[in-house]
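Visitor: I would like to go through some side-chain surroundings in this model. Please show the sequence and structure.

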Amino acid sequence: MSGSEHPGDLGGDVRQGESEPVGMTPLSPVGRLAATVDRLSREVRAAQAEAEGRALVELAKGILVARLGCGPAEAARQLAELAEQSRATPLEFAVDVINQAARDRMSEVTAAFLAATAAVRATPPDDGAEGVRGAEAGEAAAESAAVRLRAAESGALAADDTQAVADALLEQALRPLGAVAVAIWAAGYDGSLTLVGSAGFPPAEAARWRYVPPDVATVARCGLTERSGQWFASLARTGLPSVGRHQYPDGGRVAVPAGTGGRIHGVLEIAWPAPLAPQPPQVVRQVEALAELCAHTLESYTPPREPGQGPRVVPDAVELMDLADGLHDPALVLVPHLDAAGHLADFRIQHVNNRFMDPAGRPRAVVGGALLLEAYPMAAGDSELFQNVERVYATGEPFRARHMNLTALVDQVPLSAVADISVSRHGNAVLLIWRIEDETARLASLLQHAQRLGRIGGFEENLLTGEITWNGQLFDLYGRPHTSTPVPLEELAAHAHPDDAVAIGRFLRTLLHHRRPASAAFRLRRPDGVTRHVRVVAEPVLDTDDRLLLVRGACQDISAQHWTEVALAATRDQLAQTEQQAVERARLTLQLQHAIMPPAQTPLQVPDLQVAVRYRPAETEQLVGGDWYDAVMLPSGRVLLCVGDVAGHGIEAATSMVVLRNALRGLAVTGAGPGQLLSWLNIVAHHLTGGVTATAVCGLYDPARRTLRWARAGHLPPVLVRGPGAAPLPLVKGMLLGAVAEAAYEEAEAELTAGDTLLMYTDGLIERRDRPVEEALTQLLSTVRPTPNTLDQHLDRLLTYSRSDTDDDTCLVGIRVG
């Protein structure tokens, strides 16, 4: 029965008729020939499907003959009557009989479909006839799936090669699922893949993909390494190459391993023309059942002989034993051990070669013939030895590892072994080779590396025979060829700097005369003119009569250490001198700043006006900055009020601050307004002080009119506290001092009333690292009110509760109208 006669659960064939449509132009001779070929092909496929269906019906008759004890004619009659009573075709009922009798993977898949559709049949329909039709469709899908799987199995078993198996799988089972192509890959002993059968792919494409070398990442490779299989919604999204990727670039792909008894014989790869949505478990189990069917075919597959080559020989366990005995490394030959269900449970140690040494010291006869996990029960633990053997047997990909830890390989026997591991599959057997490192040789190698890295050379001098032994490192340290004669200890001073003769003499006296271990540091002068700093350490070896027999010792090149210590000593001296200069520089800067601008100054005597100033230096003396303030009575009777901040820290900032502060005092005597004063001060900053930059606020208060005229140069505006509120004065334009050669500054005027308080300050009062200036200014406005009784208390309170965290200088000027 063909796929068109039994539509699948996810789709089916729609075949076109070959008759000419009415009213259309008759086909050409070539078209008629093509239509005839197509009709004959369909008839051949239908005949094949009918033959496969008859084979299943005959198999069901045989089952009834065995169970009912009747003849073939009676079995045929019973089959027809039972099929009619169950409202199924004879083929569908025959498949049901086979599934009940077989209880195999195909039966499990069919049972899953019937269970999935049972809920549909049992659910009362909501809309009458539609619900009944839905239930009937679900039941038909399950029965059709059972027929397809058994038909595909029958076709695959009847096929004489893997290509015929691929054709049968595609036509009988996969096209109804919407698939358009299938590929069957055979896994080689080295992890390679060979395309042994395909359907739906162009012949040229299949020929290009005949062989995939080991370790090449493809879709089929993912199915080989992932035991549960890989389902890809779209081939384009994977980025992996595969057969037919140009025909179906965005189609779905499935790669499922085909294996039995713990061994993967190959991979079943299926292609869909469009992206593949997540499939229900029933479809996944169908594909797995088809892969298992392929495994039985691949199990007996023999790679064809290449032209010009002899017959391919797959070594069995006996031939592998001979191979293992010819190796120079310890080797085990393992064969799979299956449980009652046919699943891989362990590996039996079929053979142990004569070079094998058990890590626990047991005889080879005890290990040979035992199961791997019985002989080495901890192999599945930390070392992951068993998992690697199992993976090699399943996929055929060899495994290599250097310095693999075999700690606790044998239970109850404490081990600490490190080995180089090699695992490879040969036919149905596995060759395991391990080379356990000799602990003594490993320690000797480590010692040699340590001596090389530490520039250490060893020596031994027999004082009775005069024989001297040096290792290679000591010859290199002395700058002498390895074939030269070693230097005796008594001649050591002749190869050292003359100034070190006393230290060498003391070393030899302690070692040879007092017979005690000794050490000394000296400068070794080599034949090539290079001088090396060397430390020698030696100890005497005495016989039973306390006579000195020989001296053993080592010399280490400490030149790098010596010059490092010299450089460190020079650096320490330089740092100490620099630190002293920095401390002296900071002290002079602080004295200069305090001399010109004390933290508090004598209050000005102005009628109906209180004037107070505060200066808070930075807590860190190295951060002494250029903040400045001034409050002075001018000859005109007005009061000059200003604060400023020179960029930078240190004595340069402090001296620049002095220049600007004194210049502003002198310029203010001219009677000019604050805007003109800042313009002149900008010229001073730009031309006369080395191009410094600074910010400033300058104000002139007229006591008679109680008005303040002010201007700013990139500085924060003054704050006016009036009654319960506080706000900054309206901002006027003015760029910072020293940025350009000439600049103009706007002026503004504010009228003050009795009780008003005006504050000028530098950014050290409010600046924070974690907040913008605007937010810090808002916090200041909430702090300045309500005002304390006196102006001095008000300024002290602002400094006390300042939330600034930049450790910068702070200047504060305040006036209060009486």
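Visitor: Is Tyr478 buried or exposed?
Guide: This is a predicted model, and the answer rests on computed accessibility. Buried means under 20% relative accessible area. Tyr478 has 5% relative accessibility, so Tyr478 counts as buried.

Visitor: Which residue forms an aromatic pair with Tyr478?
Guide: A search of the whole structure finds 4 aromatic pairs. One of them is tilted, with 4.7 Å centre to centre and 40 degrees between the planes. The ring paired with Tyr478 belongs to Trp470.

Visitor: Which residues do ring pairs link into a cluster?
Guide: Rings pair if their centres lie within 6.5 Å. Ring pairs of this kind join Phe347, Phe386 and Tyr393.

Visitor: Which residue lies over the face of Tyr629?
Guide: The distance given here is to the ring centre of Tyr629, and it is 6.0 Å. The residue over that face is Arg661.

Visitor: Why does Ser424 count as buried?
Guide: Ser424 is part of strand E10, which covers residues 418–426. Not counting residues up to four places away in sequence, Ser424 touches Val392, Ala429, Val430 and Leu431. The cut-off for buried is under 20% relative accessible area. Ser424 counts as buried because its relative accessibility is 12%.

Visitor: What is the length of the polar contact between the side chains of Ser424 and His426?
Guide: A polar contact is a pair of N or O atoms within 3.5 Å. For the side chains of Ser424 and His426, the value is 2.9 Å.

Terms used
Residues numbered from 1 in each chain as written. Predicted model: local features only at pLDDT ≥ 70, side-chain atom pairs only at ≥ 80, totals over all residues. Heavy atoms only, no water. Helix = DSSP H or I, 4+ residues; strand = E, 2+ residues; numbered from the N terminus. Buried < 20%, exposed > 50% of the residue type's maximum accessible area, 1.4 Å probe, protein only. Polar contact = N/O pair within 3.5 Å; in protein donor to acceptor, adjacent residues only side chain to side chain. Contact = heavy atoms within 4.5 Å. Phe/Tyr/Trp six-rings, centres within 6.5 Å; stacked < 30°, edge-to-face > 60°. Lys NZ or Arg CZ within 6 Å of the ring centre and 35° of its normal.
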